[in-house]
Amino acid sequence: MKKYVAAIDQGTTSTRCIIFDKQGNIVSVGQKEHEQIYPKPGWVEHNPEEIWKNTLEVIAQARIARSIGIDDIAAVGITNQRETTVVWNRKTGRPYYNALVWQDTRTTELVQFHQEKEIDDWYRVTTGLPLATYFSALKLRWLLDNVPNLRQDAEKGLALFGNMDTFLIWNLTGGPKGGLHITDVTNASRTQMMNIFSVGWDDELLQRLEIPKQMLPKIMPSSKVYGTITAEPLKSVPLAGDLGDQQAALVGQACLEPGEAKNTYGTGCFLLMNTGTQLVPSKFGLLTTVAYQFEKEPVHYALEGSVAIAGALVQWLRDNLGLIQKSTEIEALAKSVEDNGGVYFVPAFSGLYAPYWRSDARGIIAGLTRYVNKGHIARAALEATAFQTYEVLQAMEKDAGINLSSLRVDGGMVVNELLMQFQSDLLNVPVIRPKMIETTALGAAYAAGLAVGYWTGLEDLKRNWGIDKTWEPALPDFRRKELYLFWHKAVERSFDWE
């Protein structure tokens, strides 16, 4: 029996390879950050070739660190930053342009143009997603309109489109020499080009946006043996799992029953609730998305609330303002004061996502007085993540008709105990951190391992899940309402800026 399953986790700020054992424990990790490119205000790009090079490097790191042989690895799964859009040449493998990151807002005018032409919320009804700068379709349209020769190559079948999962899979399985051009249902559901009902590319939508269908990858289940890897660090290992990062975290948290939900605190913040095989259209500003599909099983759906800026705000305080030297210092600084001192920080750097969907909003700090110091700013920055989660959860409970009894949390920010306690206080439900907080990579490993029989079924995954710590609410009702009243006032001040 093979010993391990590997997951490639291609995230917004770094790429990792994490190797897991059968109990879902981490055996080894390789990680490397990549450059964040900001050519203009609101533009965010990554270099796809840098990410591909880093991917090979972190796989080698993870294997070398624990002397893990290729023969020890049963399968590989991939999880990725969703919506980030890349186009490359089928013959050369060279990208035509940098990848446009999910946070990028250069398509604001395209969004407004199509909103003006739209009748009956057609895009949301068809794809489960509102027209927004967030998703891949309009990013791809921008590239087709602005990159020389790209449209001609696309129409000839030379230019390929994908999110980062598709780009990495193509390269891992041969690249120009027969690489697989595929994606899974979860990533396809985030492009705003997939019909959420038929789970296939929507011809009418592609026609409206003037996107050549031959650019698009084949849509596959999230768990299936797609092929074998040809790249040297994992040569001949089956590639058998592919999930967008937030759906991967849902699987990694073993939220496999309708009504179970998780919140991932990463660069952004993403709350997903499993709605089973039932597709639930949102009336309160959420996204209807695919949760996962295991081979030979029906598609499972989820409701999602997406918050653009969570951990990225801590990075901003570190890199742009120099308020802290390391991200881990934010908690101690926030704890240096008793409360937020009346300060509210709305991090609408890329507009506001769920439940507002206001691309005209911009970041503000409200409630400043001479009393306020950097500790209050740090505390307000942490509280912003909890407030945004609270608003998303309120919308989710209305849409699903289910009151959440607890919230499972994961991602880099959940080590921050001050934030987790405040989150529980605001939601008025227990917040539960599992023993394994790297649930995004674990979900990709689970998808791959299930496909090759390393794990025999979903019960194996549920058995691996265990609680590390639970935070109970301890805030009086009147104080919770007062805090939210001021937060909402600050949010309204951020509107109509652009």
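**Briefing: an enclosed cavity and selected salt bridges**

The largest cavity holds about 90 Å³ of space, in a structure that is a predicted model. The count of cavities of 30 Å³ or more comes to one, while a search of the whole structure for salt bridges finds 32.

**The cavity**
- The lining of the largest cavity is made up of 15 residues, and those that lie nearest its centre are Val307, Leu352, Tyr353, Ala354 and Gln388.
- By residue type, the lining of the largest cavity divides into twelve nonpolar residues, two polar ones and one charged one.

- Arg16 and Glu438 meet through their side chains in a salt bridge, with an N to O distance of 2.8 Å.
- Arg16 belongs to strand β2 (residues 14-20) and Glu438 to the loop between β22 (431-434) and α14 (439-451), so this pair ties together parts that are 422 residues apart in sequence.
- Arg16 counts as buried at 13% relative accessibility, whereas Glu438 is partly exposed at 25%.

- Arg480 pairs with Asp477, their closest N and O atoms being 2.3 Å apart, and because the two are three residues apart in helix α16, about one helical turn separates them.
- Arg480 is buried, with 8% relative accessibility, while Asp477 is partly exposed at 46%.
- Arg479 forms a salt bridge with Glu482 at 2.7 Å between the closest N and O atoms, and these residues too are three apart in helix α16, or about one helical turn.
- Arg479 is partly exposed, with a relative accessible area of 25%, and Glu482 is also partly exposed, at 35%.

Technical notes
Residues are numbered from 1 along each chain as its sequence is written. This is a predicted model: local features need pLDDT of at least 70, side-chain atom pairs count only at pLDDT 80 or more; totals for chains, interfaces and linings use all residues. Side-chain values use heavy atoms; hydrogens and water are left out. On a 1 Å grid over the protein atoms alone, a cavity is a set of points where a 1.4 Å probe fits but cannot get out, and a pocket is an open set with protein on both sides within 12 Å along at least five of seven lines; lining residues have an atom within 4 Å of a point. Grid points are joined across faces, edges and corners, and a volume is the space filled by probe spheres set on the points. Ala, Val, Leu, Ile, Met, Phe, Trp, Tyr, Cys and Pro count as nonpolar, Asp, Glu, Lys and Arg as charged, and the others, Gly among them, as polar. A salt bridge is a side-chain nitrogen of Lys or Arg within 4 Å of a carboxyl oxygen of Asp or Glu. Helices (H or I, at least four residues) and strands (E, at least two) are DSSP runs, numbered from the N terminus. Buried means under 20% relative accessible area, exposed over 50%, partly exposed in between (1.4 Å probe, protein chains only).
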